[in-house]
Amino acid sequence: MTGNEGKMREIRAIMADCGLPVLSMREAGITAEIEENGTTFRENACIKAKAAGVMADTIFIADDSGLSVDAMGGAPGVYSSRFMGEDAGYDVKIGAILKNLEGLNGPERSARFECCMAALFPDGSVRTSYGSMEGQIAYGTAGRNGFGYDPCFFLPEYGMTSAEIPPEEKNRISHRGKALRAMKDIILEYLSNNGSGRSDCEK
Ligand code: IMP
């Protein structure tokens, strides 16, 4: 359940062998404005997955993701897209992070992209999955692939930012890809048990 075409492509590719049609929110005719007022990725993902309401024969999947910088106490975290103001460009958002980390080196610049996915099943249960991609905040920006904070996210094992590695490689190692593959296992388990009724999302 997302309006973002890039995410939809990734979801369709990973879910392709599940044998289920995958529709975006728009394709499903859902236009609800959802308030992401949770304080964790998991809370927000659950809020979004539950927003459409339980429906027969339909599994709603939602995600919430962001960049957590250790030296900034985990910020911008769930506020990644709103950091420095909803309308501020990524040059401004990234600039603020680089300034915050001035004087810090190597491991002191540790950060991760995080993603939580939540699925609402026809029996009303909600299950979540999680994925992260570890790295460091670079000393500047590099690369034109990706989006958002990718140009400042340095992957030590590649010696490049996540905006420099090929998109297929990023999908393979990304927080979203990992959360999505874990969610696929949860969905396959649900389908084979015909629903367990078990939830792992309390709110
Ligand atoms: P969401 O769409 O509510 O999950 O917000 C995610 C926000 O986190 C995006 O707007 C970006 O600012 C940031 N973000 C999440 N994943 C990535 C990524 O893979 N690359 C760069 N920025 C990301």
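Q: Which element supplies the largest share of the lining of the second largest pocket?
A: In this predicted model, the second largest pocket is lined by 22 residues. Helix H1 (5-15), E1 and H5 each supply at least two residues of that lining. The largest share, three residues, comes from H5.

Q: How many residues of the lining of the second largest pocket are nonpolar?
A: Pro21, Val22, Leu23, Thr58 and Ile59 are the lining residues that lie nearest the centre of this pocket. Over the lining of the second largest pocket, two residues are polar and one is charged. The nonpolar residues number 19.

Q: What is the volume of the second largest pocket?
A: The second largest pocket has a lining of 22 residues. Its volume is about 510 Å³.

Q: Which element gives the largest share of the lining of the largest pocket?
A: The largest pocket is lined by 31 residues. Two elements give two or more residues to this lining, namely strand E1 (60-69) and helix H5 (175-193). The largest share, five residues, comes from E1.

Q: How many residues of the lining of the largest pocket are charged?
A: Lys7, Glu36, Lys48, Ser65 and Ser81 lie nearest the centre of the largest pocket. Its lining includes 10 nonpolar and nine polar residues. The charged residues number 12.

Q: What is the volume of the largest pocket?
A: The lining of the largest pocket comprises 31 residues, and E1 contributes five of them. The volume of the largest pocket is about 700 Å³.

Key. Residues numbered from 1 in each chain as written. Predicted model: local features only at pLDDT ≥ 70, side-chain atom pairs only at ≥ 80, totals over all residues. Heavy atoms only, no water. 1 Å grid on protein atoms, 1.4 Å probe; cavity = no way out; pocket = protein on both sides within 12 Å on 5 of 7 lines; lining within 4 Å. Points joined across faces, edges and corners; volume = space filled by probe spheres on them. Helix = DSSP H or I, 4+ residues; strand = E, 2+ residues; numbered from the N terminus. Nonpolar A, V, L, I, M, F, W, Y, C, P; charged D, E, K, R; others polar.
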